Amino acid sequence: MKATEEASLRALESLMTEFFHNCTTNERKREIEELLNSFAAQAGSWRHCLYFLSNSRNEYVMMYSLTVFENLVNKMWVGVASEEKAELRSCLPKLLLSQHAVLPFFIRNKLCKVIVDIGRQDWPMFYHDFFSNTLQLVQSPGMAPLGLVLLKMTSEELVCPREDLCVSRKEELRKLLLEQIPTVLNLLTGILETVWEKHSISATTPPPSPTSGESGELLLLPLSKVPSLHYLLPRLLSCTLCALALECLAHLFSWIPLSSSITPSLLASIFHFARFGCQLPIKAKAPPTSNGDSTLNPLPSERARLGVLAMCCINELMCKNCVPLDFEEFLLRMFQQTFYLLQRLTHTNTHTNTNVHSVRNRLQELDESYVEKFTDFLRLFVSVHLRRIESNDQFPLVEFLALLFKYTFNQPTHEGYLACLDIWSIFLDYMSTKIRSRLADRDSILNRYKDALVLLLREVLNRIQFRSNQSQLEELDDETLDDDQQTEWQRYLRQSLEVVAKVMELLPSQTFSALFPVLQEDLDIYLGLQQFIVTTGASRRLNITAEADCRKLHCALRDLSSLLQAVGRLAEFFTGDVFTPRFSDALAIVQRLVEVTCYGSQISLYDVETAVPSVLKPDLIDVHAQSLAALQAYSHWLAQFCSEVQRQQDQTQFVDLITSTMAATTPLISAKVPEKLLLSACHLLVSMATTVRPVFLVSLRTIQNIFNLITDNHSHQLPPEAHVLVCRALSNMLLLPWACLPESEQQWPSRSSSHARLLSTLTQQYRLLPRPPADSPKNTSGLDCKAVMKQTLSVLRDLVNSISGESTKSRQICYQSLQESVQVSLALFPLCIQQPDITDEMLSFFLTLFQALRVQMGVAFTEQIIQTFLSMFTREQLAISILQEGSAGSKVVQKFLKILQVVVQEPGQAFKPLLPSILSLCMEQVYPIVAERSCPDVKAEMFELLFQILHQNWRFFFKSSVLSSVQRAGAEEQMENQAQFTAAMQAFGQSFLQPDIHIFKQNLSYLETLNTKHKLYHRKLFRSTMLFHFINVLLQVLLHKSHDLLQEDITVAVYNMAAVDFTTFYSSFLPEFLNGCQGLDPHQRATLARNFTPERDLPSFTQSVYRLVNDLRYYRLCNGSLPPGTLKL
């Protein structure tokens, strides 16, 4: 027998070596894999694997053998004979104990995992000494590390089992482990305390403890009395032991509730090790101990690791928002300990000459992970527990904020600094919320923190300025865009300005006082540049050439750009209720911004040659652009100013502001101006026309010049985006009603004729394009025609979109001006159907038209458009377009379906005659193409259309209202178009059998909405023929775990469907469902039915569904693992 096993072992080693050799082909690997799987599936193969594991040092063989054991325990354990189970429970732990020291760590861990898996199945009934054996190992000096590995795995695998277990077993395991927690925590406390005491120097002053009588002692302990940790460090072996104990604690803390089991002594021990992270690495020889030996210090990396693990434990406790009342005092002690750590981290060494940088140097030399974990702690403290601790006199919150300030502004990395700014943002939000709820105490609350907030504000402003931080800020990338479409520098600046804005909300006058002088300093430099411009012939250059001067100018310009953004960000704090009290401050800001923009435009700094063009020219352009953007931010303030002056005789101040703004803006609307600056000017022009709306705007000479520029047929010289923006501004000046003026003074007749002329000029080339029966756009100078069509359609779409939410009069005038262009578009559409890019533009235009102007277009013309589209989108045309997934053709179909969505949502009877055609297109032409294919984008729009047809046109299918059907109490429902309704429901049901999770989520929400609004699930047709089919499908989805992310949504939908008739669900559907489930025996079916308690509230029902799904999967797993012919009792 032994010779046979030895031969098998050699054969297996040979196979495994061959399998992992580079020269082995994939085909040969498949053969070997099949051979190994066949061997593992044999009855009793585990005995061979036990021999292999005991007698081989080949890592591949050992890992294969353990995989066989793992599969046996997790998938076949029910079918294993009880004697064999007992043998495995005995021999595997013996093997671990005898060989753990020589096994590679990953093999040892895998073997531990198999033993814990057996414990998960059999403890305590059949494996009564599983947990006690683990605890004995933890207490054995030489075996404690192994015991801790087993203990952590037990916590991981028994509390959150990865394999299927029945719910009752999961609950039992959790309860059993909770009973053991006091013992486990005492053992772990003992390990940490023993190691600490063993390697400490008894004469040293002990660190502060949360058990000390006076918290003041803890907080005021002189740092000179803190013991030097270099001589307290445990030995290397002890480091490993402590690391394992802390890892174990971190996992236990992730699931056990806060209770008295977490003792002050345990917490003190954790904080002893958390202090390691605060200690700088030092290269010093350890002093001899009393017996002449040297204390063996761990490596700095080991010391840092212990600090990180200890902080992980602390943060696991911090995450718990549910704190028992008797635990709050305990939390206070914990925060006091952390306050001490924060003191150490921000302590400045008074014996050096580098006090300014010593805190930053300290943080830079510490382990990066430790600093990250500590920052995580601070975030949790402020976001979760600040409200509990703020009013407690024993915690010095103001001093804590001072230390947090020091910690924040000495962060060695930009990421660390931004993470700390997030903490301040959370604190400021907390302050704002608190003040809003206690307005009477506003001043007393603010006075407590005012000094800290002003310091924070000044330092944040300082940190965004190049004059004091150039080397650090130049490191930030200002080119690569992240997922939020912003560069690293933009993110840094935005987060900084958000903090400034939050402080402004609390302390407006102090913020204004801090910001304006700094801004003024940089403005003086910028406004003084004119004297350095030297003109030679046609060229102008900036006569600043010295390197130091150029660097100073670069920093001043970058800072001015940032501060202008800050000024813009604060615009919201000058409008609304505070408009009058803060008027003079806001007026000073706006006047200064107007002055800066006028200055920039008059001397055209963007066009000046500089000594360092690659640096200074972008700086000058950016300052000019940001001054325009900052002024644009005050457009809502200007609009409120405009409303106020309408009631006054003297409007000079307001008129001068607007006139000067336009004088600064309009010269920049030129193709010769850099695009960044041009677009800023265009956006400002749009805001003036759309938000501010001064009556006199259109009559200004500067604005007339822009009208002439756009209408003189050279408008193509502007870049497309700028052209669209300028057209929008000019159109809105003529279309939007003026604020605070009665209808009789709106001058609609003259504005209407001016708008018609503007649109006529803008669309002239478009309206002259050849139409049937003339040549199509692709035949005569095709490229020019396409360019004209694209540009004109994008402009028209934008103009319509910009007035979609405006008054009826504005939309009427807009449609009158557009009417001919719309007719032209409809005539051109059949010629463009084969050109998806043009069709896409055209349908985008029509979609915007339908969304904004369908009432103005009228029913007859709308119907004509829809019929034209329906006739063009044949089955063949749709198939060609849809099957090119992601292509322009696919986008065209999406736009077409969006247009139909708008039509079917229109209230009233006007468009009801179109419903049969639209339904037919949806179910007979689009659905067959997308049903069995992926096509996620088209499919999403098609189901959205189907939902809107049902939701907005319910009476197309059900003649009676919800009220009348309830009153009839089950009488025959009047139903029409039943075949179409059934087909639509089948389409929804079919989508739940497909893998696309987004479509599944969308369609499930549609069904729920239809039930909420129209009682879909209660309708007789749905209830009698579809309801239980849907429940069945949704339960099968839960069983297959294919859409686990939607588990909660699916369960709620099942509940709402079952709630239609709970009696039938429990008495009829559930037994039928269980009878239809394969892989169960009658006893298991009865158990599943019995455990599904007939409750009618959602939480209980949800628990029952979870138990049903979990236990059914578990039973199938058990039954699948039984040997053939097993007798089931």
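Author: Let's start with R693, which counts as buried because its relative accessibility is 17%, buried meaning under 20% relative accessible area, exposed over 50% and partly exposed in between, with a 1.4 Å probe and protein chains only. Keep in mind that this is a predicted model: local features need pLDDT of at least 70, side-chain atom pairs count only at pLDDT 80 or more, and totals for chains, interfaces and linings use all residues. Residues are numbered from 1 along each chain as its sequence is written, and side-chain values use heavy atoms, with hydrogens and water left out.

Reader: OK, where does R693 sit, and what's phi there?

Author: R693 is in the loop between α28 and α29 (701-711). Its phi is near 55°, a positive value in a residue other than glycine. Helices here are DSSP runs of H or I with at least four residues, strands are E runs of at least two, and both are numbered from the N terminus.

Reader: And C740, buried or partly exposed?

Author: C740 is partly exposed, since its relative accessible area is 47%. It has a positive phi too, about 60°, although it is not a glycine. You'll find C740 in the loop between α30 (720-735) and α31 (748-762).

Reader: What does V673 touch?

Author: Not counting residues up to four places away in sequence, V673 touches Y606, P667, L668 and L678, where contact means heavy atoms within 4.5 Å. V673 is buried, as its relative accessible area is 6%, and it lies in the loop between α27 (652-665) and α28 (675-692).

Reader: Switching to prolines, which peptide bond is cis?

Author: The one from W123 to P124 is cis, with omega near 0°. P124 is in the loop between α6 (105-122) and α7 (130-139).

Reader: Where's the kink in α9?

Author: At I181, shortly before the proline P182, and the kink is about 45°. That bend is the angle between axes fitted to the seven residues ending there and the seven starting there.

Reader: How far apart are the ends of α9?

Author: The end C-alpha atoms are 45 Å apart, which agrees with the 46 Å that its 32 residues (167-198) should span at 1.5 Å a residue. The expected span is 1.5 Å times one less than the number of residues.

Reader: And the whole thing?

Author: The protein has 49 helices and two strands. Its C-alpha atoms fill a box of roughly 105 × 85 × 70 Å, taken along the principal axes. Of the 1129 residues, 53% are buried.
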